[in-house]
Amino acid sequence: MTTIALYRDDFYLSTAEAVVTAVHEDGAVELDQTCFYAASGGQPGDTGFVERADGSRIQLSETRHGTTKHVILHRPLEGEPLPSVGEKLVLHVDWTRRYKLMRMHTACHLLSVVCPYPITGAAVGEEESRVDFDMGETIDKDQVTADLMKLVGENHPITLQWITDDELATNPGIVKSKNVRPPVGLGRVSLVCIGENSGVDSQPCGGTHVSETQEVGAIHIAKIEKKGKENRRFRIRFGAPDA
């Protein structure tokens with residue numbers, strides 16, 4: 001059954017009501033709708049808890065897609081009770097963790113602006129993220145940090161626009177990643193637009209992001225690693241350099 005992904009239209013939605021539509025043998029729970037982000041494109045899925053009618057909680061260990069992008073599975077921690085099909089729940093995302101991931105994911109987009117090279121891989125984390133670029137030349141990490149913080153300080157607005165799967169297929173050049181494709185198959189794809197009229201950047205992405213660059217906060221490039229002749233891995237961390 002299709003799960004309505006509420007987070008696709010509101011990244012700041014941290015609580016919602018839902019009805020259990022299926023409970024799998026392995027304990028994974030399907031809901032009619034959810035504000036829990038399902039792991040995709042290098043960003044981890046949300047954790048948190050669901051609240052039952054009697055006030056008790058079921059802690060969740062992960063959120064991921066099922067056999068298709070239309071299915072979102074919520075997995076309780078080992079030993080937690082399972083809800084029943086038809087049961088009404090109140091969902092509570094671990095907002096502290098989600099917000100860190102939103103800030104980090106946005107920072108990765110800013111890095112792709114500062115370093116306009118094809119992206120060969122990425123992973124978003126709570127304290128550190130990495131972005132791999134197809135590039136052979138060396139680059140100064142302190143200058144990259146300065147350029148990143150300039151974009152953060154300018155406080156550009158970040159908005160979403162929607163295009164159809166067909167529109168994306170006819171404009172493949174807007175995809176920066178060489179290996180990770182945008183989440184297609186749902187009928188529409190979100191474009192993450194940075195700056196007025198997308199003046200800073202625009203790229204398809206199904207992750208969650210903050211609403212303005214200033215929310216990213218202090219970030220820096222902690223390390224640039226050589227991963228092959230023409231591949232460089234940038235590690236982004238929160239805080240000032242050497243903090």
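The exercises that follow treat salt bridges in a predicted model.

The model is predicted, with local features needing pLDDT of at least 70 and side-chain atom pairs counting only at pLDDT 80 or more, while totals for chains, interfaces and linings use all residues. Residues are numbered from 1 along each chain as its sequence is written, and side-chain values use heavy atoms, with hydrogens and water left out.

**Exercise 1.** State how many salt bridges there are, and describe the one between Asp26 and Arg75.

Step 1. A salt bridge requires a side-chain nitrogen of Lys or Arg within 4 Å of a carboxyl oxygen of Asp or Glu. This rule gives 15 salt bridges.

Step 2. In the pair Asp26 and Arg75, the closest N and O atoms are 3.1 Å apart. Asp26 sits in the loop between strand 2 (15–23) and strand 3, and Arg75 in strand 7, 49 residues apart; strands are DSSP runs of E, at least two residues, numbered from the N terminus.

Step 3. Classify by relative accessible area: buried is under 20%, exposed over 50%, partly exposed in between (1.4 Å probe, protein chains only). Asp26 is partly exposed at 47%, whereas Arg75 is buried at 18%.

Note on methods. Helices (H or I, at least four residues) and strands (E, at least two) are DSSP runs, numbered from the N terminus.
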